[in-house]
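Have a look at the sequence and structure first.

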Amino acid sequence: MPELLRPHAEQAYAEELRVLAAIDDRPRPPSWQLSPWAVVTYLLGGTLDDGTVISPKYVGPRRLMEVAVATLATDRALLLLGVPGTAKTWVSEHLSAAISGASTLLVQGTSGTAEEAIRYGWNYARLLAEGPSEGALVPSPVMTAMRLGAIARIEELTRIPSDVQDALITVLSEKTLPVPELGMEVQAAKGFNVIATANDRDRGVNDLSSALRRRFNTVVLPLPASEDEEVAIVTRRVEQLGSALELPTVPAAAEEVRRVVRVFRELRSGMTADGRTKLKTPSGTLSTAEAISVITNGIALSAHFGDGTLRASDIAGAVLGSVVKDPVADAVIWTEYLEAVVRERPEWSDFYRACREVTG
């Protein structure tokens, strides 16, 4: 069998989950694979009493993860809110893996998501042959999670049309999913809950109704608080991705990682790191996830087409692609940043030349 390009969390970290389950002697909510304490330990990392090292999956305030996990132990659903690139999907996946042992009961929200994706659909061949029956019913991931007492994930909830979003109201308030065609309902087993993710930065966002929002406890995931924290996140994830993709070994030069992070943070905030120069903010999010992608792309370039050392010329094109989403307005903002900030930093002269070369 070919190796998986991107294993699910419960596959990639199966050994950590197994060890945590073996030593976890704290109370567990119904149907949970781990206690709330062990779930938070799995997310934030640490060293267990037997010396086992649990790798951190999320870098940020511990209290946020404690609130998120505590919410899932109640009858309230969890909404992870934040700008793109704040690890909402990543946290959602790992929470589901640690709590239910599976992260695949997933509804991907888009503008075309239909109500059937949240409630249920029909096998139309059987429906025509047999009429409405349980055999013809096609359960949604949410219905399956209700039957199993597991976590269902809904990604990009605010991209789903408002009338489809509201199909969740009965599920979250009554913990039932009526099937009027069969004169029956599915009642949620203990342990069932929903984790949804959303952001309000992109176009095409559908606001949640007040009735639906009341049924969620919202946890806002922030961008990394400091440059050092963001550099650490990018460095670790680049190493993990490089290993998973089996890229040739190219050390992720600390100087280039910090340079990309600083460029993104300055343009995000509209201010240089020293606070002396105000900047215009481009239309893109310039998230930590994009910084990881820029460095990973640079490593691939250096390994296959360079000298095996990550240099400014390897990252310049990807930085330009991340910043300039609007070819007119963002191009002006990027040019101003190059001339007013990058050019004035002597230690960034190689980066300036590389960026001018790809900019043309």
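## Helix α16 and its partners

The buried residues of α16 pack against α12 (254-269), α14 (312-323) and α15 (329-342). Here, helices (H or I, at least four residues) and strands (E, at least two) are DSSP runs, numbered from the N terminus. Contact means heavy atoms within 4.5 Å, and buried means under 20% relative accessible area, with exposed over 50% and partly exposed in between (1.4 Å probe, protein chains only). This is a predicted model, in which local features need pLDDT of at least 70 and side-chain atom pairs count only at pLDDT 80 or more, while totals for chains, interfaces and linings use all residues. Residues are numbered from 1 along each chain as its sequence is written, and side-chain values use heavy atoms, with hydrogens and water left out.

So which residues of α16 (residues 349-359) are buried? They are Phe351, Tyr352, Ala354 and Cys355. Looking down the axis of α16, these fall within an arc of 165° (taken over the directions from the helix axis to the C-beta atoms), so they line one face of the helix. Arg353 and Glu357 are exposed on the face turned away from that buried side. Just after α16 comes Gly360, with a positive phi of about 85°.

## The overall picture

Zooming out, the protein has 16 helices and 11 strands. Its C-alpha atoms fill a box of roughly 75 × 50 × 45 Å along the principal axes. Of the 360 residues, 46% are buried. The accessible surface comes to about 17,100 Å², and 53% of that belongs to carbon and sulfur atoms; the areas come from the Shrake-Rupley method with a 1.4 Å probe, and for residues only the protein chains shown count as cover.

Taking contacts between residues at least 6 apart in sequence, 70% join residues at least 24 apart.

## Two nonpolar cores

A nonpolar core is a set of buried Ala, Val, Leu, Ile, Met, Phe, Trp, Tyr and Cys residues joined through side-chain atoms within 4.5 Å. The largest one has 35 residues, and Val142, Ile154, Leu157, Phe192, Val194 and Phe216 touch the most other members. At least two residues of this core come from each of β3 (77-81), β5 (120-122), α7 (141-148), β7 (151-155), α9 (168-174), β8 (176-179) and β10 (193-198). A second, separate core has 34 residues, including Val231, Val294, Ala312 and Val319.

What does Phe216 touch, if you skip residues up to four places away in sequence? Its contacts are Arg76, Ala77, Leu78, Leu79, Leu157, Leu172, Val194 and Ala196. Val328, in the loop between α14 and α15, is 112 residues from Phe216 in sequence and 40 Å away in space, C-alpha to C-alpha. Val328 counts as exposed, at 61% relative accessibility.

In α4 (residues 62-72), Met65, Ala68, Val69, Thr71 and Leu72 are buried. They cover an arc of only 155° around the axis, which puts them on the same side of α4. An α-helix has 3.6 residues a turn, so residues three or four places apart point the same way. The buried residues of α4 pack against α3 (36-44), β3, α5, β7, β10 and β11 (216-220).

Ala98 belongs to α5 (residues 88-100) and is buried, with a relative accessible area of 1%. Setting aside neighbours within four places in sequence, Ala98 is in contact with Leu17, Gln33, Leu34, Val39 and Tyr42. Gly51 is 47 residues from Ala98 in sequence and 20 Å away in space, C-alpha to C-alpha.

## Rings and charges

A search of the whole structure turns up four aromatic pairs. Rings of Phe, Tyr and Trp (its six-membered ring) pair if their centres lie within 6.5 Å, with planes under 30 degrees apart counted as stacked, over 60 as edge-to-face and the rest as tilted. Tyr120 and Trp122 have ring centres 5.9 Å apart and planes at 85°, so the pair is edge-to-face. Tyr120 is buried at 4% relative accessible area, and Trp122 counts as buried at 15%. For Trp348 and Phe351, the centres are 5.8 Å apart and the planes at 85°, so this pair is edge-to-face. Trp348 and Phe351 are both buried.

Charges turn up over rings, too: NZ of Lys or CZ of Arg has to be within 6 Å of the ring centre and within 35 degrees of the ring normal. The charged end of Lys57 sits over the ring of Tyr13, 4.8 Å from its centre. The charged end of Arg237 sits over the ring of Trp90, 4.4 Å from the ring centre.
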